[in-house]
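Visitor: Could you walk me through reading salt bridges and a helix in a model?
Guide: Gladly; let us look at it together.

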Amino acid sequence: MTTARMRLTIAELTATLTTDFDLPVLLETIAADAQRGYDAAAAVVVLLDPRHTADDGDVHIVAQVLREPNTFDWSFQRAGPGADSARLGAVTMIEDLTEHADTRWAHYRTHATAAGMRGMRAFPMTSLGKPLGALVLHTDDPWGTMRPNDFGQTLANLTALALSIGPIRDRSTDTAATIDAVLAGCVQIATATGILAAHLDLNFDQARSYLIRSARQHGTTITTHARVIVSTHDSAPEDSSRLNALLHPPI
């Protein structure tokens, strides 16, 4: 991505923050922008859940974009340096994961290199001095000197701002409540996507695209539409007509 394109991306995201944005969708957009900007193999947004500790899972992946689909276990993205960045509010970086002189995060390194990863950066998201999470990127070549760190940190800062202000309807709540809503929304979107995949015989990516289009046709956010789909399915799993009514454009 060129410098001009990076600036345009930042401008577009900043403009989005002035609207009634759908937070889980915005987080995925930021992950996609980061993946393209750095030509990364993978980019994720991870959030820190202060109600838990490192021992019982305090770091959650809420948005993930891969350069291409694969069957790797990507859970290492919320461990090691990515988790440290989220918890400590500090940038973590590895130029080359295959460098034997660097012995930090040994367990993480084993899994990351098995997936073919070589370089990584984690840019922290903080608000009022409190860590919220991190934007974590992995590349399948050494990080090198041609990838500008300021773009990633700017995206992380915009993510922190989005979490701090929340969508318009939630702007009277605090950041912790917004993070709770994001985690719940991501579950709803993933569940609705699975329901559509099974109902329409689609793969996950196709079902996700269908969900996005259907939400736009109904004039609502993806999170709200996903919540209605899940509720409708759970209340009458055998009645496909009720679900079908939600999947067609309103008359």
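Visitor: With which residue does Arg121 form a salt bridge?
Guide: Side chains of opposite charge can pair when their charged atoms come close. A salt bridge here is a side-chain nitrogen of Lys or Arg within 4 Å of a carboxyl oxygen of Asp or Glu. Arg121 pairs with Glu95, the closest N and O atoms being 2.6 Å apart. Arg121 lies in strand β4 and Glu95 in the loop between β3 and α4, so the pair ties together parts that are 26 residues apart in sequence. Helices (H or I, at least four residues) and strands (E, at least two) are DSSP runs, numbered from the N terminus.

Visitor: What should I keep in mind about the source?
Guide: This is a predicted model: local features need pLDDT of at least 70, side-chain atom pairs count only at pLDDT 80 or more, and totals for chains, interfaces and linings use all residues. Residues are numbered from 1 along each chain as its sequence is written, and side-chain values use heavy atoms, leaving out hydrogens and water.

Visitor: Is Arg121 buried or exposed?
Guide: Buried means under 20% relative accessible area, exposed over 50%, partly exposed in between (1.4 Å probe, protein chains only). Arg121 is buried, at 3%, while Glu95 is partly exposed, at 39%.

Visitor: Which residue forms a salt bridge with Arg36?
Guide: Asp33 does, with the closest N and O atoms 2.6 Å apart. Asp33 is buried, at 5%, and Arg36 is partly exposed, at 44%.
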